[in-house]
Amino acid sequence: EAGKPVDYRFVEANPGFEKQTGLRGVVGKRMREIAPDHEEIWFARYGKVATTGEAVRFINQAQALDGRWFDVYAFRVGGTESRKVATLFTDITARKRLEEKTKEQAKSLADLNRRKDEFLATLSHELRNPLASILNATHLLRLQEDPSALQVEAQGMIHRQVAHLARLVDDLLEV
């Protein structure tokens, strides 16, 4: 129709075709009879092979065939005047679904990693601020005149423990 392919008729089909497409009894029928909503891309690709004789390999999803994915090799059969196209194809639906699942998992893992990084950044801020204040308080206590021995001992203990906690927080954040 105006040089644009609009349909194709099945001349032959083997058991592998039936198994991979789920279509039965297609010989002699047109694709539009079998799957009226079949995507235009299929007609265009096969039409180009029929009119130009140029073989083509492509991967495409057929929504009208239960959303199955196919890896297709289409080529002209017969002489240069022939409009017959043969196809060799493989149903790759399982592989495509696995690829999609893998992409979703990768996206989910990236999101989890981003949230972990945000948590650690917040944690470091929340832990370092009080430690810095406590450490500054120990320095102020050291400036006190005539501290008792107990105060000096307590200041040293607080200073050592805060410094130890600060190192632990730094190590945790590096991990």
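Author: The turns below take up salt bridges, a pocket and several individual residues.

Reader: Before that, what kind of model is this, and how are residues numbered?

Author: This is a predicted model, in which local features need pLDDT of at least 70 and side-chain atom pairs count only at pLDDT 80 or more, while totals for chains, interfaces and linings use all residues. Residues are numbered from 1 along each chain as its sequence is written, and side-chain values use heavy atoms, with hydrogens and water left out.

Reader: How many salt bridges does the structure hold?

Author: The structure holds 10 salt bridges. The term stands for a side-chain nitrogen of Lys or Arg within 4 Å of a carboxyl oxygen of Asp or Glu.

Reader: Which residue forms a salt bridge with Glu99?

Author: The partner of Glu99 is Arg95, with 3.5 Å between the closest N and O atoms. Both residues belong to helix α4 (residues 93–142), where they lie four residues apart, about one turn of the helix. Helices here are DSSP runs (H or I, at least four residues), strands are runs of E with at least two, and the numbering starts from the N terminus.

Reader: Which residue does Arg115 meet in a salt bridge?

Author: Arg115 meets Asp111, at 3.4 Å from N to O. This pair also lies in helix α4, four residues apart, about one turn of the helix. The relative accessible area is 45% for Arg115 and 29% for Asp111, so each residue counts as partly exposed.

Reader: And what about Arg114?

Author: Arg114 forms a salt bridge with Glu118, and their closest N and O atoms are 2.7 Å apart. Both are partly exposed, Arg114 with a relative accessible area of 40% and Glu118 at 42%. Arg114 and Glu118 lie in helix α4, again four residues apart, about one turn of the helix. Through salt bridges that share partners, Asp111, Arg114, Arg115 and Glu118 are joined into one network.

Reader: Where is Asp117, and what does its side chain contact?

Author: Asp117 is in helix α4 and is partly exposed at 39% relative accessibility. Its side chain is joined to that of Lys116 by a polar contact of 3.1 Å. A polar contact is a pair of N or O atoms within 3.5 Å; within protein, one must be able to donate a hydrogen and the other to accept it, and residues adjacent in sequence count only if both atoms are side-chain atoms. Between the C-alpha atoms of Asp117 and Ser82, 35 residues apart along the chain, the separation is 63 Å.

Reader: Changing topic: what volume does the largest pocket have?

Author: Its volume is about 960 Å³. Among the 36 lining residues, those closest to the centre are Phe10, Glu12, Val85, Ala86 and Thr87. On a 1 Å grid over the protein atoms alone, a pocket is an open set of points where a 1.4 Å probe fits, with protein on both sides within 12 Å along at least five of seven lines, and lining residues have an atom within 4 Å of a point. Grid points are joined across faces, edges and corners, and the volume is the space filled by probe spheres set on the points.

Reader: Which element gives the largest share of that lining?

Author: Strand β3 does, with six residues. At least two lining residues come from each of α1 (15–21), α3 (40–52), β2 (68–77) and β3 (84–91).

Reader: Is Phe10 buried or exposed?

Author: Phe10 is buried, with a relative accessible area of 11%, and is found in the segment before α1. Leaving aside neighbours within four places in sequence, Phe10 is in contact (heavy atoms within 4.5 Å) with residues including Phe17, Val26, Met31 and Ile34. The C-alpha atoms of Phe10 and Val77, 67 residues apart along the chain, are 14 Å from each other.

Reader: Lastly, where does Asn60 lie, and what does it touch?

Author: Asn60 lies in strand β1 (residues 56–62) and is buried, at 17% relative accessible area. Not counting residues up to four places away in sequence, Asn60 touches Ile41, Trp42, Arg68, Trp69 and Phe70.

Definitions and conventions:
Buried means under 20% relative accessible area, exposed over 50%, partly exposed in between (1.4 Å probe, protein chains only).
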